[in-house]
Amino acid sequence: MKYIFVTGGVVSSLGKGLTAASLGALLEMRGLRVRIQKFDPYLNVDPGTMSPFQHGEVYVLDDGAETDLDLGHYERFTSGRLSRLNNLTSGQVYEAVIQKERHGDYLGKTVQVIPHVTNEIKARIRQAGSDVDVLITEIGGTTGDIEGLPFLEAMRQFALEVGPREVVFIHVTLVPFLSAAGELKTKPTQQSVAKLREIGIQPNILVCRCDHPLVDELREKLSLFCNVPVKAVIEERNVELSIYEVPLMLQREGMDDLVIDLLGLKAPPNPKNIWVEIFRRIKSPRHEVTVGVVGKYIELQDAYKSVYESITHAGIANNCRVNVVRIDAETLETRGGTAVLRSLDGILVPGGFGERGIEGKVTAARFAREHGVPYYGLCLGLQVAVIALARDLLHLHGANSTEFDPQTPHPVIDIMEEQKKIVDKGATMRLGSYECELTPGTLAARAYRKPSVRERHRHRYEVNNAYLGRLEAAGLVTSGRNPRRNLVEIIELKNHPWYVAVQFHPEFQSKPSAAHPLFAAFVAAAMKYRRARGDGNAPGARRRKRRAPARKSS
Ligand code: GLN
């Protein structure tokens, strides 16, 4: 077992998670068994209770753990499945320590950060990596933050205990370009490394985030001032096209060889590099489509991270560039607001909580149904599709989810019975992986090519089975259900080319090398729709001959 610790300096949002994930990918390619985990210094027990404005997406694991979105990168870049052991927060550390204290486990001692808190952290490092060759631990936050200190101290102690050649410290830092001076500046990095050395940690590798080339002179300067060999000063430029370029970039800098060397591992080079092919497909795809994502946190880059990534993967699988138009659901509630939907080849409504923007999402689900546009609903995206159906086809005036209208006369989406008694908000939803049985012959069964699958959940509300018979008579097809609890998991529509909505979150199980089958099928349906429209055969063809000129794409 070898250990890599990844810290960050100068500023947050440097892409430490991506760097850790990319290094994991490179080491896996060299035949090593790798696991990546994240330590977050904040006091929340998990990010499940944090708003997307604070924290971006909450990434859900098979075991139902609600975790930091960097775990999404780890699962997408490496083959390992992660568990709740792989995301540790200060909240969890203190919770464990205080529980032990109340239990009397400390035998009358004064309970302190050193050694009790640091011991708890070190135990988690050992526990998380017992069955792999290399454990990569990323520490959230920026060096110098008060709340990060116990984690850094624990790592210093850990390195001392296991001895040299067992641990590599990587510091990811910013080397900014100052336009007034016309050059890259190394001082912030020097100071950040000085801070680490003050704590007793000497980084072995510096990963320098920069938007200009890191010339030899600068590498030498960083080497000298930061006490790191020149070859261990790694340039990581801003990517232009895709995050899936990062493994290739780090490989060009020799990062995998460097780490393997430092840890004294034996790992022959691998001539087969899957990232070359992945990146080639992203760079020069043959086809192109435009899909809309209708959400509430649309201006936030990170709120639907896994959804956007899964769309990219589906593009890779279909040799297709997928332009994404981000649509704020509330704009669809205004007059003429739906005009933006007319230029789309597919509409996706992702998950969400709370009432704001709901009517806009219902409108999007209705628009797709009425205009034959491919529709893909995720969790809340299924619930709004059912609400639209009940109102429009069953004429159930005021049909709604009890989440948004507790007094609705027609609760077509309702809270699960066991959820009614729950008062705590943390980790109390229907969370994690559940079985879903597929109905043969449906779009879902054809996409998955399996009779049954497991998918990850994060929600409190469900389709109300009391309305299911009527909905099915009106054209809804239940194409997936949970066999144990008889819950609706996937719905489709008769007489629609591709209308699929799921109660779970497929975006948590998609990879660049293996797109999620439903995402891949959605993009394939969007391509078909666009082709048909171009031929003049599609339902949308008459309404829209030319492509709308103004379009936001990301
Ligand atoms: N708010 C809905 C529920 O709790 C949907 C949740 C989601 O989209 N993740 O059921």
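Analyst: What follows takes the terms in turn, with the values behind them. The model is predicted, so local features are given only at pLDDT of at least 70 and side-chain atom pairs only at pLDDT 80 or more, while totals for chains, interfaces and linings use all residues. Residues are numbered from 1 along each chain as its sequence is written, and side-chain values use heavy atoms, leaving out hydrogens and water.

User: What pLDDT does the protein average, and where is the pLDDT below 50?

Analyst: pLDDT is the predictor's confidence in each residue, from 0 to 100. The protein averages 92, and 95% of the residues score at least 70. Over residues 535-554 the pLDDT is below 50, although this stretch has 31 contacts in the model beyond near neighbours in sequence; contact means heavy atoms within 4.5 Å. Where pLDDT is low, the predicted coordinates should not be read in detail.

User: What makes Asp257 and Arg30 a salt bridge?

Analyst: The term asks for a side-chain nitrogen of Lys or Arg within 4 Å of a carboxyl oxygen of Asp or Glu. For Asp257 and Arg30 the N to O distance is 2.8 Å, so the pair qualifies. Asp257 lies in helix α10 (residues 255-262) and Arg30 in the loop between α1 (16-29) and β2 (34-40), so the bridge ties together parts 227 residues apart in sequence. Helices (H or I, at least four residues) and strands (E, at least two) are DSSP runs, numbered from the N terminus. By this rule the salt bridges number 36.

User: Why is Asp257 called partly exposed, and why is Arg30 called buried?

Analyst: Buried means under 20% relative accessible area, exposed means over 50%, and partly exposed is in between (1.4 Å probe, protein chains only). Asp257 has 43% relative accessibility, so it counts as partly exposed. Arg30 has a relative accessible area of 10%, so it is buried.

User: How do you know that Glu359 and Arg391 meet in a salt bridge?

Analyst: Their N to O distance is 2.8 Å, so the pair meets the distance limit. Glu359 lies in helix α13 (residues 358-371) and Arg391 in helix α14 (residues 380-392), so the bridge joins parts 32 residues apart in sequence. Glu359 is partly exposed, with a relative accessible area of 35%. Elsewhere, salt bridges that share partners join Lys38, Asp40, Asp68, Asp70 and Glu138 into one network.

User: What makes Lys38 and Asp40 a salt bridge, and are they buried or exposed?

Analyst: The N to O distance between Lys38 and Asp40 is 3.4 Å, so this pair also qualifies. Lys38, at 5% relative accessibility, counts as buried. Asp40 is buried too, with a relative accessible area of 4%.

User: Why is the pair of Tyr59 and Phe508 called edge-to-face?

Analyst: Rings of Phe, Tyr and Trp (its six-membered ring) pair if their centres lie within 6.5 Å; planes under 30 degrees apart count as stacked, over 60 as edge-to-face and the rest as tilted. By this rule there are 15 aromatic pairs. Tyr59 and Phe508 are 4.9 Å apart centre to centre with 70° between the planes, so they form an edge-to-face pair. Tyr59 is in strand β3 (residues 59-60) and Phe508 in the loop between β23 (499-502) and α17 (517-535), 449 residues apart. Both Tyr59 and Phe508 are buried.

User: What makes Phe77 and Trp275 a stacked pair?

Analyst: The centres are 5.2 Å apart and the angle between the planes is 15°, so the pair of Phe77 and Trp275 is stacked. Phe77 is in helix α3 and Trp275 in helix α11 (residues 274-283), 198 residues apart. Phe77 and Trp275 are buried. In helix α3 (residues 70-77), eight of its eight residues are buried.
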